[in-house]
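Me: I want to learn how to read a model with two chains. Can we take the features in turn?

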Amino acid sequence: MVQHHPPTDFLTEYAASALPVAQSACVAAHLSYCQRCRQAVERLEDIGGAHFERLDPQPVGDSLLERVLARLDDPQPLRYAPNEASDTQLPGLLDRLINGDYADLVWKRVTQSLSVSYLKTGDPNHEFALYRIAEGGRIPEHTHGGREMTLVLHGGFADESGDYHQGDFIVREGWDKHTPVALEGEECICLAVMDAPLQFTRLRHRWLNPLLKLHAG
Amino acid sequence: MAIRKDANGGAKWNAPTGRRTDEWSQALVLVGESQDRGAFTRFFRHFAPLIKAFALSGSSLSAAHADELVQEVMLKVWQKAGGFNPEKAAASTWVYTIARNCRTDMFRRLQKFDTQLAADDFELESEEEESFVVLHTRRGAERVRELMGELPPDQAQILAKVYMEGKSHSEAAAELDLPLGTVKSRVRLAIQKLQGMMEA
C-alpha cells in the first residue's frame with residue numbers, strides 16, 4: 001500500500017503536461033503503483049477538459065478535414081512493445097528506459113553499499129538515475145543543491161522522517177539533510193530525479209562529491 | 001488567452017447540457033465501434049476548431065504548426081476511439097489529453113529535444129476499475145464543469161494558463177509578473193475549492 005504521494009502541485013502540473021520530461025516520467029511511474037493518484041490525475045484532467053471545451057473556436061478549413069479523411073486508412077505507426085523477457089516488473093515507461101534488467105545497466109559504485117546508474121530521458125536540466133543500496137546499507141548524510149524526487153522501485157529504506165516502500169514518492173528540497181538506510185532483507189532500488197547534484201555533508205565523504213556531478217540529458 | 005469572454009471581460013462558464021456531452025461521447029463510440037466516417041466528420045467539425053485554439057494558446061506555435069497539430073490529434077482520435085469508455089471519461093477530457101500529449105511532443109520536436117519518450121508513453125494501460133469508482137469519476141467530471149464558474153477570476157486565470165498553455169507554475173509566475181508563491185497558492189486554492197465542491 002503506497003503511503004507517500006506527490007503533492008497536488010506536481011499532479012496538477014503533470015495533468016497539464018507542464019513538468020519537465022524527467023519529473024513527468026517519475027510521477028508517471030508513481031501512478032502505475034498508486035490508484036489514488038491515478039484518480040486524482042483523472043479529476044485534474046477534467047479541469048483541463050472543462051477549459052478546453054470553452055476555448056474560443058478558431059476557424060479550420062474544409063481542406064484540413066479532407067486531408068485528415070484521406071489519411072484515415074494510412075497504416076498506424078509501430079508502437080513500442082514491452083520487453084517480455086524482463087523480470088523486473090517495472091512500470092512500462094521505466095521498462096522502456098532500462099531496456100532489460102537491472103543487471104544489464106552500467107552501475108557506478110559510489111560507496112561500498114551504494115551504486116548509481118544514469119538513464120537517458122533527454123531532459124537537459126534533470127538527472128534521472130537509479131540508486132541501488134545493499135540491504136541494510138547506508139547512504140552517507142547528504143543534502144541536495146536543488147529539488148529531488150525519489151520513487152522506491154524495489155525494497156525500501158528509512159531515514160530521519162520515516163519508512164518508505166515500493167511505490168512511495170518523496171520530494172526533498174535542497175536544504176533537507178538526510179541519511180537513508182536500506183531496510184533489512186533485500187536491496188533497495190530507487191529512482192531519483194534531481195536538478196542539482198547530491199552533496200555529502202560529512203568531512204570523510206566529501207571527497208566523493210566531485211564524482212556525483214549532475215548527469216542530465 | 002482564447003477563452004470566450006462575456007461583456008464584462010470575465011470568462012463564460014455556462015454549464016453545457018447533459019445532451020451535448022452525450023452527443024460527442026456517442027459520436028466517439030460510433031467511430032470506435034464501426035469506424036463511422038459521418039460521426040467522425042461531425043466530431044471533427046466541433047473539436048478541430050477547439051484543438052486549433054488550444055494549439056494557439058500562449059501563441060507559441062505558428063498557424064502552420066497549429067494545423068499540423070489538428071491533423072495529428074484528429075488522426076489519433078480516429079485510431080484511439082476504440083479505447084474510449086464513455087462511463088469513465090467525458091469526450092472533451094479525452095480529446096484534451098490527446099491534444100495535450102501531441103502538443104507536448106510537437107514542442108519537444110521543435111526544440112530538437114533528444115528524447116526517446118513520446119507523451120503517449122506516459123499513459124497507463126486502461127484497466128477495469130470497480131464500478132463505484134467509475135461513477136465517482138464520471139460525476140466528478142460533470143461537477144468540475146459546473147463549478148469552474150464559481151472560481152474567483154484571479155484563480156481561474158492561472159488555471160487557464162497552466163492547463164491551456166501548459167505553463168509550469170514558475171513560468172506562469174514570470175509571465176504574470178507574480179511571485180511564485182502567489183501562483184502556487186492560487187492554484188492550490190482553486191484545486192481545493194473544486195475538489196471540496198466536488199465532494200460536497
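Me: How many residues of chain B are in contact with how many residues of chain A?

Reply: This is a predicted model, so keep that in mind throughout. In general, the size of an interface is often given as the accessible area lost when the parts come together. Here we count residues. In this model, 57 residues of chain B are in contact with 46 residues of chain A.

Me: Which elements of chain B supply at least two residues each to the side that touches chain A?

Reply: They are helices α2 (37–56), α3 (63–80), α4 (91–110), α5 (131–147), α6 and α8 (180–199) of chain B. The largest share comes from α2(B), with 10 residues.

Me: How do the residues of that side of chain B divide by class?

Reply: There are 33 nonpolar, 13 polar and 11 charged residues on the side of chain B that touches chain A.

Me: Which residues make the contact of α3(A) with α6(B)?

Reply: From α3(A) come I47(A), G48(A) and H51(A). From α6(B) come L159(B), A160(B), Y163(B) and M164(B). By class, the residues of this contact are five nonpolar and two polar, with no charged ones.

Me: Next, α4(A) and α2(B). At what angle do they pack, and how far apart are their axes?

Reply: Helix α4 of chain A covers residues 62–71. Its angle with α2(B) is about 140 degrees, with the axes 11 Å apart. Roughly antiparallel needs an angle over 145 degrees, so α4(A) and α2(B) are oblique to each other. Their crossing is right-handed.

Me: Which residues make the contact of α4(A) with α2(B)?

Reply: L64(A), L65(A), V68(A) and L69(A) belong to α4(A). R37(B), T41(B), F44(B) and A48(B) belong to α2(B). This contact has six nonpolar residues, one polar and one charged.

Me: On to the strands of chain A. In what order do the three strands of the open sheet stand?

Reply: Strands of a sheet pair through backbone hydrogen bonds, either parallel or antiparallel. In chain A the order is β7-β6-β9, and the pairing is antiparallel. β7 (162–164) and β9 (181–182) of chain A stand at the edges. Each has a single partner strand, so one side of each is left without a neighbour in the sheet. Two bridges join β6(A), residues 157–159, to β9(A). Within that pairing, F157(A) stands opposite A182(A).

Me: How many residues lie between β1(A) and β2(A) in their hairpin?

Reply: Two residues lie between them. Strand β1 of chain A is 108–111, and strand β2 is 114–119. They run antiparallel and are joined by three bridges. T111(A) has L114(A) as its bridge partner.

Me: How many bridges join β2(A) to β3(A)?

Reply: Six bridges join them, and the two strands run antiparallel. β3(A) covers residues 127–133. L114(A) also stands opposite I133(A) in β3(A).

Me: Last, which domains does the assignment give for chain B?

Reply: The domain assignment gives domain 1 (18–131) and domain 2 (151–200). Their contact takes five residues from domain 1 of chain B and four from domain 2 of chain B. The domain 1 side divides into one nonpolar, three polar and one charged.

Key:
Residues numbered from 1 in each chain as written. Chains lettered and ligands numbered in written order. Predicted model: local features only at pLDDT ≥ 70, side-chain atom pairs only at ≥ 80, totals over all residues. Pairing = 2+ DSSP bridges. Helix = DSSP H or I, 4+ residues; strand = E, 2+ residues; numbered from the N terminus. Contact = placed C-beta atoms within 7 Å. Nonpolar A, V, L, I, M, F, W, Y, C, P; charged D, E, K, R; others polar. Axes fitted to C-alpha atoms, helices over the stretch in contact; angles between N-to-C directions. Parallel < 35°, antiparallel > 145°, perpendicular 65-115°, else oblique. Left-handed = near helix turned anticlockwise from the far one by under 90°. Domains from an automatic or database assignment.
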